[in-house]
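This report describes one protein chain, shown below.

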Amino acid sequence: MSRFLNVLRSWLVMVSVIAMGNTVQSFRDHSFLSEKLYTGTPEFVNGLQARTFGIWTLLSSIIRCACAIDIHNRTLYHITLWTFVLALGHFLSEAFIYKTAPLTIGVMAPLIVASFSVIGMLIGFQCFPETQEEVGARQKKRN
């Protein structure tokens, strides 16, 4: 396995563990979200919204950890990439469209993590070995 994929695996585990901590925090005290993330409209944050955010974060964490374990599973790799794309889209839309999450350190951190993760995972595609179908298609074109 390439050295880059090993680094990516470690990154995914670290991000997954941090997300599990955020999940616990979301279930323990919903003011966490209004004080750290959604500071533009803290009155919108309630227990239900915090628990929903927590479940979303937990699911993303589980997917990312599973990908770190089985990084050569292309389907799981794609799904993991999408967890970061969705997180990036969510925080960008909350910051710039809905104005519920101004660009504080609490919002910048997940934006930076999601951005680096998307870039890293896109680079990681280059480290995948060719599948039998790709090899067959390439040989077919030569003939």
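## Cysteines

The model is a predicted one, and it holds zero disulfides. The sulfur of Cys65 has its closest cysteine sulfur in Cys67, at 9.9 Å, which is too far for a bond. A disulfide would need the two sulfur atoms within 2.5 Å. Cys67 is likewise in no disulfide, the nearest cysteine sulfur being that of Cys65.

The surroundings of the two residues can be stated as well. Cys65 is partly exposed, with a relative accessible area of 25%. Cys67 has a relative accessible area of 0% and is therefore buried.

## Overall layout

The protein chain has six helices and zero strands, so the pattern along the sequence reads α-α-α-α-α-α. Taken along the principal axes, the C-alpha atoms fill a box of roughly 65 × 30 × 25 Å.

Of the 143 residues in the protein chain, 36% are buried. Among contacts between residues at least 6 apart in sequence, 68% join residues at least 24 apart.

## Helices H1 and H3

Helix H1 has 26 residues, and at 1.5 Å a residue these should span 38 Å; the end C-alpha atoms are 38 Å apart, which agrees. Its buried residues are Leu5, Leu8, Leu12, Val15, Ser16, Ala19, Thr23 and Ser26. These buried residues pack against H2, H3, H4 and H5.

Helix H3 covers residues 47-69, and the same check can be made there: its 23 residues should span 33 Å at 1.5 Å a residue, and its end C-alpha atoms are 33 Å apart, in agreement. At the start of H3, a side-chain oxygen of Asn46 comes to within 3.0 Å of the backbone nitrogen of Leu48. The buried residues of H3 include Gly47, Ala50, Phe53, Gly54 and Thr57. Ser60, Ser61, Ile63, Arg64, Cys67 and Ala68 are also among the buried residues of this helix. The partners of the buried H3 residues are helix H1 (3-28), helix H2 (31-36), helix H4 (74-96) and helix H5 (105-124).

## Thr83 in helix H4

Thr83 sits in helix H4. Its relative accessible area is 8%, so Thr83 is buried. Not counting residues up to four places away in sequence, Thr83 touches Ser60, Ile63 and Arg64.

## Nonpolar cores

Which residues of the largest nonpolar core touch the most other members? They are Leu8, Leu12, Cys67, Ile71, Tyr77, Phe84 and Met121, out of 15 residues in this core. H1, H3, H4 and H5 each supply at least two residues of the core. Apart from it lies another core, of 13 residues, among them Phe32, Val45, Phe53 and Ala101.

Leaving aside neighbours within four places in sequence, Leu8 is in contact with Ile71, Tyr77, Gly120 and Met121.

## Exposed positions

Phe116 is found in helix H5. At 55% relative accessibility, Phe116 counts as exposed, because the cut-off is over 50%. Between Phe116 and Phe84 there are 32 residues of separation in sequence, and their C-alpha atoms are 9.3 Å apart in space.

Lys99 lies in the loop between H4 and H5. Although it is not a glycine, Lys99 has a positive phi of about 60°. With 53% relative accessibility, Lys99 counts as exposed.

## UniProt annotation

An unreviewed UniProt entry lists residues 50-69, 76-97 and 103-125 under "transmembrane region". In the model, the span 76-97 is 95% helix and 0% strand, and its end C-alpha atoms lie 30 Å apart. For residues 103-125, the end C-alpha atoms lie 31 Å apart, and the span is 87% helix and 0% strand.

Note on methods
Residues are numbered from 1 along each chain as its sequence is written. This is a predicted model: local features need pLDDT of at least 70, side-chain atom pairs count only at pLDDT 80 or more; totals for chains, interfaces and linings use all residues. Side-chain values use heavy atoms; hydrogens and water are left out. Helices (H or I, at least four residues) and strands (E, at least two) are DSSP runs, numbered from the N terminus. The expected span of a helix is 1.5 Å times one less than its number of residues. Buried means under 20% relative accessible area, exposed over 50%, partly exposed in between (1.4 Å probe, protein chains only). Contact means heavy atoms within 4.5 Å. A polar contact is a pair of N or O atoms within 3.5 Å; within protein, one must be able to donate a hydrogen and the other to accept it, and residues adjacent in sequence count only if both atoms are side-chain atoms. A nonpolar core is a set of buried Ala, Val, Leu, Ile, Met, Phe, Trp, Tyr and Cys residues joined through side-chain atoms within 4.5 Å. UniProt positions are given in the numbering used here, feature names are shortened, and annotations may be inferred rather than shown by experiment.
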